[in-house]
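This report is meant for a reader who is meeting the structure below for the first time. It begins with a term that is needed later on, and then goes through the model topic by topic.

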Amino acid sequence: MIYDYISGKGQHWRLPQPVSIQIDWEEDSPAASFKGTFPMGNEKLFGGKIQVTNDSGKTVFIGMLDEIRTFLGNSAELFLQARSPIGILLDSEAMPITYPNPSLQILFSACAKPYGFHLSEEENEFMKTPYSVEKGKSEWQALNGFCKKFLGKPLFADGWTLSMERSKCPTLILGDNGKTILEEIQRQSIYQRVSAVYGKEQNNWKLAEEDTETKSMGILRRRFSVDPQATLQKALKKEETMQVLCAGAVAAHPLQSVWLHGKSDWVVSAVRYCLNGQGESTRLTLRKEKLKCG
């Protein structure tokens with residue numbers, strides 16, 4: 001991997017080989033995260049971006065620096081923490097406003113375009129139902145909330161490009177004739193299960209979704225949600241997961257379909273790439289669901 005620092009003025013500086021690296025991609029977080037420790041030189045960094053490319057020249061990660069730590073002493077080190085560009089929309093507060101006839105283009109122009117993002121779709125249908133952005137909502141919550149409510153799809157981010165369609169990716173094959181697996185950990189997170197989810201109806205909270213199987217197991221745990229069905233499904237799909245450790249860097253993406261030992265009912269939930277004194281490794285968290293990437 002090659003690591004570059006890009007200043008706010010666009011100047012590039014090749015970072016030395018790192019002491020340790022951790023890059024995370026998760027399906028529940030639109031922003032990928034980067035943590036890296038490097039031998040410190042004399043350069044002074046402030047703001048800017050981190051770009052990671054593989055040996056083939058493909059960008060693996062690019063993101064805005066969130067934190068810089070300098071460790072002084074006999075072995076001076078530089079710690080850098082960054083998130084992919086969507087972190088800007090997560091951190092920035094959206095203007096509280098009600099749009100009488102909203103459209104995707106209107107929300108994008110207000111919430112993302114001023115920060116330098118691009119929208120792959122040209123959808124500009126005006127909705128007949130008003131859409132309100134409450135105080136305290138982030139730019140991302142306002143924009144993604146509109147897409148879910150009116151267009152029935154979440155929004156995805158690929159660098160500075162936003163889209164309602166996730167990039168297509170091939171099925172990842174693990175074990176047998178695919179990537180060699182160093183370690184497998186099967187996990188049942190029973191605490192994730194929810195017995196009942198309440199939804200709001202005419203300003204009153206009422207039981208909307210119920211999991212009778214969870215109740216029969218003696219588990220009583222309730223949630224209140226604006227989307228009860230999605231909340232219940234999210235709890236169920238997180239109960240059974242598999243953690244798979246592979247050597248080296250594995251090109252995997254959240255929601256990518258996976259063949260694990262000849263079975264195709266798995267998808268990637270999270271990816272963690274690590275580099276340290278023991279070498280490179282990639283830990284994948286898989287969950288069961290018949291879902292195709294893209």
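## A term to begin with

A residue is called buried when its relative accessible area is under 20%, exposed when that area is over 50%, and partly exposed in between. Lys215, at 38% relative accessibility, is therefore counted as partly exposed.

## Confidence in the model

The structure is a predicted model, and its chain has a mean pLDDT of 87, with 97% of the residues reaching 70 or more. Confidence is lowest in helix α5 (residues 228-237), where the mean is 78, and highest in strand β3 (residues 20-26), where the value is 96. Over residues 290-294 the pLDDT falls below 50, although in the model this stretch has 17 contacts beyond near neighbours in sequence. Where pLDDT is low, the predicted coordinates should not be read in detail.

## Strands and their pairing

Strands of a sheet pair through backbone hydrogen bonds, in either a parallel or an antiparallel sense. Between β9 and strand β12 (residues 161-163) the pairing is parallel and runs over 2 bridges, and His118 has Thr161 of β12 as its bridge partner.

Strand β7 (residues 77-83) pairs in the antiparallel sense with strand β4 (residues 29-39), over 7 bridges, and in this pairing Pro39 stands opposite Glu77 of β7. Strand β6 (residues 59-71) also runs antiparallel to β7 and is joined to it by 7 bridges, with Leu78 in β7 as the bridge partner of Thr70. The strands β6 and β7 form a hairpin that has 5 residues between them, and Gly73, in the turn, has a positive phi of about 145°.

A further hairpin is made by β15 and β16, with 2 residues between the strands, and here Gln202 takes a positive phi near 50°. Strand β15 (residues 196-201) and strand β16 (residues 204-210) pair in the antiparallel sense over 6 bridges, and Glu201 stands opposite Asn204 in β16.

## Salt bridges

How many salt bridges does the structure hold? There are 12 salt bridges in the structure, among them one between Glu93 and Lys135, whose closest N and O atoms are 3.7 Å apart. This pair links distant parts of the chain, 42 residues apart, with Glu93 in the loop between α1 (87-91) and β8 (97-99) and Lys135 in the loop between β10 (131-133) and α3 (139-151). Glu93 counts as partly exposed because its relative accessibility is 45%, whereas Lys135, at 70%, counts as exposed.

The side chains of Glu183 and Arg283 also meet in a salt bridge, at 3.1 Å from N to O. Glu183 lies in strand β14 (residues 181-188) and Arg283 in strand β21 (residues 279-288), so this pair ties together parts that are 100 residues apart in sequence. With a relative accessibility of 32%, Glu183 is counted as partly exposed, and Arg283 is likewise partly exposed, with a relative accessible area of 25%.

Another salt bridge is the one in which the side chains of Glu210 and Lys215 meet, at 2.8 Å from N to O. Glu210 has 37% relative accessibility and so counts as partly exposed. Asp66, Arg83 and Asp91, in turn, are linked in a network of salt bridges.

Is Leu245, which has 16% relative accessibility, buried or exposed? Because buried means under 20% relative accessible area, Leu245, at 16%, counts as buried. The residue is placed in strand β18 (residues 240-247).

Leaving aside neighbours within four places in sequence, Leu245 is in contact with Thr180, Ile181, Leu182, Glu183, Ser281, Thr282 and Arg283.

Methods: Residues numbered from 1 in each chain as written. Predicted model: local features only at pLDDT ≥ 70, side-chain atom pairs only at ≥ 80, totals over all residues. Heavy atoms only, no water. Helix = DSSP H or I, 4+ residues; strand = E, 2+ residues; numbered from the N terminus. Buried < 20%, exposed > 50% of the residue type's maximum accessible area, 1.4 Å probe, protein only. Contact = heavy atoms within 4.5 Å. Pairing = 2+ DSSP bridges. pLDDT = per-residue confidence, 0-100. Salt bridge = Lys/Arg side-chain N within 4 Å of Asp/Glu carboxyl O.
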